[in-house]
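Please keep the sequence and the coordinates at hand while reading.

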Amino acid sequence: MKILVAVKQVPETSKVTLDEKTGTMIREGVTSIVNPLDLYAVEKALEVKETAGGEITVLSMGPPGAERAIRECLAMGCDTGVLISDRKYRGSDTWSTSYVISQAISKLGQFDLLLFGERATDGDTGQVGPGVASFLGLPVLTYVADLAIVGARVQARRLVETGYENYTAPMPVVATVVKEIAVPRLPTLRGKQSSRKAKITMWDNDRIGADGSRLGLDGSPTRVVRIIRPKVAREGTRVIVKNEQTALGAVDQIMEFLEKRGVVETE
Ligand SMILES: Cc1cc2nc3c(=O)[nH]c(=O)nc-3n(C[C@H](O)[C@H](O)[C@H](O)COP(=O)(O)OP(=O)(O)OC[C@H]3O[C@@H](n4cnc5c(N)ncnc54)[C@H](O)[C@@H]3O)c2cc1C
């Protein structure tokens, strides 16, 4: 079984700020971590490998420092790491990112199972997994909460608003996973030691051969037109009810408050 897990290095979310001129995230000087939601995909890949056998490749697209994110996954037990990095990719939107990742995957060969996190905590679109599946022409299962390999098929339980949906799909298949799927393990000391020495494959665009007109800000169809900070202004009022007698008066006060703001209409 050949498994690929895509992981993104993200800034610690609470510290993300946006460049209001360019519409992109300011990442300089911010500590980077493995996208926390990707660790669930890594754990599921390890569990599949433990039951069905196989090999796990971790792939990340990002700056050279994203190598650290790959090593962390190797320390957990993944087998090989690939970093795709090129200045030409800077400013890529989700469409361009998905395109580049799909091109790199095609160059790496055939995978049976391709796992993605539900979403990245910085960009937060949840589009890259399905985007890659679409470029590769593969079926995709999103929001997968449980997954098992049965013969040449994947059995999956999807989390939906009303509960769960069960699917089976032929491999190769792409799946984006939710937290419920597994509990990420901590890397072992031995894993950490060997991951430090592991050789990570570094590919730039010359190696990947992605179409130059589809890369970076110029090759991205998304345009961030304007960024605004929502103004949070609370103008609340406190209505204190001490006993049954004041309760009715309180209801009148609340209704008056809501009417003034156009939330409710009374005759
Ligand atoms: C106009 C525009 C300009 C942008 N400019 C920049 C920029 O200059 N610099 C910048 O860093 N970002 C930039 N971005 C953001 C960038 O496009 C997204 O961060 C990226 O496309 C991934 O989207 P996402 O974060 O929403 O991931 P999601 O779609 O939410 O991620 C879902 C899953 O896909 C996988 N995944 C996502 N991204 C990667 C990756 N890079 N490598 C491996 N796996 C991945 C992970 O498994 C992840 O859990 C820009 C976006 C736009 C719209």
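Which residues form a nonpolar patch on the surface, and about how much accessible area do they have together? In this predicted model, the patch is made of Tyr143, Leu159 and Tyr164, whose accessible area together is about 260 Å². Leu159, one of these residues, belongs to strand 10, which covers residues 153-160. With a relative accessible area of 31%, Leu159 counts as partly exposed, because that class lies between the limit of 20% for buried and that of 50% for exposed residues.

**The ligand site**

Around the ligand there are 30 surrounding residues, of which Ala6, Lys8, Asp38, Ser92 and Thr125 are the closest. Sorted by class, this shell holds ten nonpolar, 13 polar and seven charged residues. Polar contacts to the ligand include those in the following table.

| Residue | Protein atom | Ligand atom | Distance |
|---|---|---|---|
| Met61 | backbone N or O | nitrogen | 2.8 Å |
| Thr97 | side-chain N or O | oxygen | 2.8 Å |
| Asp124 | backbone N or O | oxygen | 3.4 Å |

The ligand taken alone exposes 940 Å², and the protein buries 88% of that area. Two or more residues of the shell come from each of strand 6 (55-61), helix 3 (94-108) and strand 8 (113-117).

Is Ser98 buried or exposed? Its relative accessible area is 2%, so Ser98 is buried, given that the class requires a value under 20%.

Why can helix 2 (residues 67-76) be described as largely enclosed by the rest of the structure? The description holds because seven of the ten residues of helix 2 are buried. After helix 2 comes Gly77, which has a positive phi near 135°.

Key
Residues numbered from 1 in each chain as written. Predicted model: local features only at pLDDT ≥ 70, side-chain atom pairs only at ≥ 80, totals over all residues. Heavy atoms only, no water. Patch = residues over 30% accessible without salt bridge, like charges linked within 9 Å, V, L, I, M, F, W, Y side chains within 5 Å. Areas by Shrake-Rupley, 256 points an atom, 1.4 Å probe, with all protein chains shown as cover. Salt bridge = Lys/Arg side-chain N within 4 Å of Asp/Glu carboxyl O. Helix = DSSP H or I, 4+ residues; strand = E, 2+ residues; numbered from the N terminus. Buried < 20%, exposed > 50% of the residue type's maximum accessible area, 1.4 Å probe, protein only. Near = heavy atom within 4 Å. Polar contact = N/O pair within 3.5 Å; in protein donor to acceptor, adjacent residues only side chain to side chain. Nonpolar A, V, L, I, M, F, W, Y, C, P; charged D, E, K, R; others polar.
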